[in-house]
Amino acid sequence: MARFGIDGLVAVNPVNVYYLANTLPVGAKMRWEYPAFATLARDPQQPAFLVTTTGQAWDLVNGEREVPQLIAYSSVAGPGFAVREGVPLTPREQRWVESQQRYNLHSERSPALGLIRALRESGLERGRLAVDDLRVKYLLEQAGFTSVEWLPGDGLFRLIRMVKSEPEIALMRVAGRNNGDAALATMRAIERGMTFDDVERRFRLEAALRGNDVAFILAGVTLGLFPDGVAVPGKPFLVDAVSRYREYHGDFARTVCIGEPSREVLERARANRIGREAVFEIVRPGVTFSQLRNVARDAMVKAGMPERILVINPHSVGLQHTDHPVTLGLPGAPTQPFDHVLEENMTLTIDLPYVEVGWGAGHNEDLIRVTRNGYEALNLESDPLVIV
């Protein structure tokens with residue numbers, strides 16, 4: 001924030017609310033337009049706030065995690081849920097009753113009024129605020145709050161989130177392992193005649209059994225899915241699987257072939273493996289995304305992979321599948337797309353797919369953490385080719 005002259009952050013995107021407030025708003029699960037807000041002042045002496053519904057206060061007062069100060073809102077006036085008289089309450093029930101007395105009777109009547117109060121109480125009534133959705137600017141202006149300068153903040157949030165904290169890394173390790181194991185189990189269960197829907201259902205099952213929620217899976221020739229409508233022997237296809245553990249993503253991909261692969265399939269899988277080995281060899285702080293792309297491309301082409309079928313894409317992974325900004329859109333920020341520089345504790349993958357319509361597709365993608373001298377794999381580094 002100091003670098004770009006930002007006085008504070010305002011989040012409405014549930015991903016960023018979760019990042020700032022350790023809470024996934026219940027309204028986000030219901031797809032409300034403005035389920036919750038989170039604020040963070042650059043001044044560490046100022047409080048951070050979560051603005052959410054009075055009902056969510058019950059979750060927060062359970063004391064199961066650290067959360068910022070709460071400002072509650074409710075469109076319904078009143079003391080809250082009924083409490084039976086004359087019976088002993090559990091400690092948790094007692095906290096619920098106290099939360100209703102504390103928050104329901106002093107709640108704001110709308111999300112906008114709750115956010116205005118949060119900004120005033122955290123010293124952000126004036127200044128430059130970065131918000132991840134500029135609809136908030138118009139929402140607050142309609143409520144008469146016009147004293148701040150609003151700046152686009154989605155890219156800034158992504159930039160901040162690229163380097164992970166220790167608690168985040170712990171979650172990424174679980175997310176990556178669960179996702180990779182679920183993806184491999186899914187690939188090994190693929191049979192002749194299976195449709196994309198069959199593969200997707202199997203991945204949902206395998207991910208759920210390990211504690212992950214599915215984000216998406218690709219099976220076939222990227223978004224075109226299976227060229228024949230079903231999986232057929234001998235035609236290589238990619239499987240690219242993404243799932244989340246406590247909102248943090250795993251990302252994993254391999255080439256799959258049903259039955260004995262042809263010599264060309266084996267040769268391209270070998271080149272894919274050589275590209276992976278070459279690019280992982282250079283991973284360390286200070287290396288740029290463009291260097292990763294160039295090394296992977298050169299190694300695969302030298303190993304016999306046709307350059308025209310390659311699509312190489314390093315990308316940060318975290319609370320979003322693509323967790324890095326392309327540009328910021330802030331005054332004083334670069335206007336050209338970032339060539340990101342690796343830092344310790346960044347988590348990323350290096351997409352190494354190859355696609356040729358009329359032939360098939362292949363892929364290799366592993367989730368890694370950048371360490372001081374190299375990388376830590378966050379899933380099993382298995383062979384790029386899975387034969388079933």
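## Close-up views of a predicted model

View 1. Strand β7 (residues 213-220) pairs with β8 in the antiparallel sense over seven bridges; two strands count as paired if DSSP finds at least two bridges between them. Helices (H or I, at least four residues) and strands (E, at least two) are DSSP runs, numbered from the N terminus. Please keep in mind that this is a predicted model, in which local features need pLDDT of at least 70 and side-chain atom pairs count only at pLDDT 80 or more, while totals for chains, interfaces and linings use all residues. Residues are numbered from 1 along each chain as its sequence is written, and side-chain values use heavy atoms, with hydrogens and water left out. Look for Phe216, whose bridge partner in β8 is Val242. β8 also pairs with β9, again in the antiparallel sense, over nine bridges. Eight of the nine residues of β8 are buried, that is, under 20% relative accessible area, where over 50% is exposed and anything in between is partly exposed (1.4 Å probe, protein chains only).

**View 2. Here is the hairpin turn of β8 and β9.** Two residues lie between the strands, and Arg246 takes a positive phi near 50 degrees. Glu247 sits in the loop between β8 (237-245) and β9 (248-257), with a phi near 80 degrees, a positive value in a residue other than glycine. Most residues other than glycine have a negative phi. Glu247 is partly exposed, at 25% relative accessibility.

**View 3. Four strands form an open sheet.** The order is β10-β11-β14-β15, with antiparallel pairing. β10 (313-316) and β15 (375-377) stand at the edges with a single partner strand each, so one side of each has no neighbour in the sheet. From one strand to the next, the twist averages 30 degrees. Three bridges join β11 to β14, and Leu348 has Ile368 in β14 as its bridge partner. Helix α8 (residues 166-188) packs on the sheet, touching β11, β14 and β15, and its direction makes about 155 degrees with that of β14. Axes are lines fitted to C-alpha atoms, for helices over the stretch in contact, and angles run from 0 to 180 degrees between N-to-C directions. α11 packs on the sheet too, touching β10 and β11; contact means heavy atoms within 4.5 Å.

View 4. Of its 27 residues, Val283, Leu292, Leu342, Leu348 and Ile350 touch the most other members. The largest share, five residues, comes from α10. Not counting residues up to four places away in sequence, Leu292 touches residues including Val279, Pro314 and Leu348.

**View 5. Helix α4 has a buried face.** This helix (residues 91-103) has 13 residues and reaches 18 Å from its first C-alpha to its last, close to the 18 Å expected at 1.5 Å a residue, a span taken as 1.5 Å times one less than the number of residues. Its buried residues are Val97, Ser99, Gln100 and Tyr103. Seen down the axis of α4, they fall within an arc of 155 degrees, so they line one face of the helix; the arc is that of the directions from the helix axis to the C-beta atoms. The face turned away from the buried side carries the exposed residues Pro91 and Arg102.

Definitions and conventions
A nonpolar core is a set of buried Ala, Val, Leu, Ile, Met, Phe, Trp, Tyr and Cys residues joined through side-chain atoms within 4.5 Å.
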